[in-house]
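Please look over the model shown here.

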Amino acid sequence: MLVVGGIHGNEYSGVLAARRVLDKLALEDRPFRGRFVALVGNLAALALDQRFIDLDLNRQWLPQRVAKLTAPAGTASGTSAVEEREQRELLAALLRELETAQGPVYFMDLHTSSADGPPFVTVGDTLRNRAFALKLGLPVVLGLEEQIDGALLEYVNNLGHVTVGIEAGRHHAPESVDHHEAVLWLALAAAGHMDEKDLPDAASLRGRLRAATPGIPPIMAVDRRHPVTPDDGFVMAPGYRNFDPVFAGQVVARDKKGPVISRRRSRMLLPLYQAQGSDGFFLVRKIHPFWLRLSALLRRSGLPGLVHWLPGVHCHPEWPETLVVNTRVARLLPLQVLHLLGFRKLRWQGHLLLVSRRRFDTRE
Ligand SMILES: [Zn+2]
């Protein structure tokens with residue numbers, strides 16, 4: 001089990017929770033198999049209690065960028081960004097742990113948010129991530145990583161490990177630390193490091209998480225992200241908590257162009273109530289478990305490997321494992337169907353949709 005807390009410097013909760021778990025494991029002599037390592041993310045930003053200093057450390061993990069960091073001295077990009085040094089150190093620590101692991105690695109990235117609201121798990125939608133996430137006693141949100149480029153979670157996922165992100169609640173709230181701690185214990189059991197009976201009261205850990213998420217659907221998917229830049233003059237409407245219902249036509253924020261409106265009925269997620277950050281808000285909707293079962297069946301059927309034979313679909317000429325979907329021809333293949341089959345959106349180019357199979361979907 002490999003955990004990162006505080007990759008955002010105003011999110012100390014994960015660091016505190018990991019420390020609590022490590023202390024209890026050390027002092028209470030509970031039976032434990034394997035290795036549990038917790039790393040601290042952005043040390044410089046944590047010291048100032050701000051999200052980042054020069055660059056968002058959780059948006060710097062695109063493979064090309066990581067390759068530059070590991071290039072021999074003299075060939076590196078050589079910017080003076082504080083986060084470049086932070087990333088180099090964190091990368092070295094991560095790779096050391098991953099390379100010396102004796103078995104499968106479960107990776108968790110621990111976050112909090114500027115909005116209040118119930119805790120949840122976020123995963124890139126592979127069948128392996130899903131199976132693990134569903135054991136952690138929290139609502140699961142699919143597809144957040146598809147909206148964000150360069151997140152650490154996806155980088156580690158593409159090295160072949162099971163990865164989940166935990167949003168535990170509001171920054172600096174004591175409950176957020178409790179939620180992170182409860183999830184860490186349940187995750188240690190889910191990953192096989194501990195038996196449930198050896199956890200500090202598994203039933204009350206689950207009860208605490210259930211009490212924090214009343215009435216929240218167990219599985220949701222991201223419908224939309226509203227990106228913002230510092231020049232947008234973006235101001236979120238006050239008072240939203242994570243998962244608050246939103247109706248079609250509701251004014252959820254304002255920017256210099258006027259009101260920002262929700263197009264359909266959904267739920268609010270991660271509304272931006274802090275100065276730093278490039279995600280204004282996300283909207284999510286409930287997913288019926290039927291669709292999860294169907295997609296597991298389809299992905300194991302080998303069907304996704306045949307999609308490139310369909311009219312209007314071809315393999316990308318340069319990028320491996322990437323398909324170009326002409327949505328004027330392949331009208332029956334909207335993004336939702338491609339999601340079911342285990343593809344992830346890369347980008348739209350006009351009416352062309354670029355997607356790639358999520359790696360390590362069904363196998364290590
Ligand atoms: Zn964060």
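Which residue in β17 does Gln 349 stand opposite? In this predicted model, Gln 349 faces Leu 352 of β17.

Four strands make up an open sheet, ordered β14-β15-β17-β16. Their pairing is antiparallel. β14 (313–315) and β16 are the edge strands. Each has a single partner strand, so one side of each is left without a neighbour in the sheet. On average, neighbouring strands of this sheet are turned by 25° against each other, direction ignored.

β17 covers residues 352–357 and β15 covers residues 322–326. Five bridges pair these two strands in the antiparallel sense. Val 325 has Leu 353 as its bridge partner in β17. β16 spans residues 343–349 and is joined to β17 by six bridges. These two strands run antiparallel as well. They form a hairpin with two residues between them. Gly 350 sits in that turn, with a positive phi of about 65°.

**The three-stranded sheet**

A second open sheet has three strands in the order β8-β10-β11. Here, too, the pairing is antiparallel. The edges are β8 (235–236) and β11 (258–261). Each edge strand has a single partner, so one side of each lacks a neighbour in the sheet.

β10 runs through residues 251–255 and is linked to β8 by two bridges. Four bridges link β10 to β11. A hairpin connects β10 to β11 through two residues. Ala 253 takes part in both pairings: Ala 253 is the bridge partner of Met 236, and Ala 253 stands opposite Val 260 in β11.

| Strand pair | Sense | Bridges |
|---|---|---|
| β8 and β10 | antiparallel | two |
| β10 and β11 | antiparallel | four |
| β15 and β17 | antiparallel | five |
| β16 and β17 | antiparallel | six |

As background, strands of a sheet pair through backbone hydrogen bonds, either parallel or antiparallel.

Two packed helices are described by the angle between their axes and the distance between the axes.

How do α1 and α7 cross, right-handed or left-handed? The crossing is right-handed. Helix α1 holds residues 13–28, and helix α7 holds residues 174–190. Their axes come within 8 Å and cross at roughly 50°. The two helices are therefore oblique to each other. On the α1 side, the contact involves Ser 13, Gly 14, Leu 16, Ala 17, Ala 18, Arg 20 and Val 21. On the α7 side, Ser 176, Val 177, His 180, Glu 181, Leu 184 and Trp 185 take part. By class, this contact of α1 with α7 has seven nonpolar, four polar and two charged residues.

α7 also packs against helix α8, residues 202–211. These axes come within 9 Å and cross at roughly 130°. That angle makes α7 oblique to α8. α7 passes α8 in a left-handed crossing. From α7, the contact uses Asp 178, His 179, Ala 182, Trp 185, Leu 186 and Ala 189. From α8, Ala 202, Leu 205, Arg 208 and Leu 209 contribute. The contact of α7 with α8 has seven nonpolar, one polar and two charged residues.

Which residue of α7 meets both α1 and α8? Trp 185 is in the contact with α1, and Trp 185 is also in the contact with α8.

Note on methods
Residues are numbered from 1 along each chain as its sequence is written. This is a predicted model: local features need pLDDT of at least 70, side-chain atom pairs count only at pLDDT 80 or more; totals for chains, interfaces and linings use all residues. Axes are lines fitted to C-alpha atoms, for helices over the stretch in contact, and angles run from 0 to 180 degrees between N-to-C directions. Angles under 35 degrees count as roughly parallel, over 145 as roughly antiparallel, 65 to 115 as roughly perpendicular and the rest as oblique. A crossing is left-handed if the near helix is turned anticlockwise from the far one by less than a right angle, and right-handed if clockwise. Two residues are in contact if their C-beta atoms, placed from the backbone, lie within 7 Å. Ala, Val, Leu, Ile, Met, Phe, Trp, Tyr, Cys and Pro count as nonpolar, Asp, Glu, Lys and Arg as charged, and the others, Gly among them, as polar. Two strands pair if DSSP finds at least two bridges between them.
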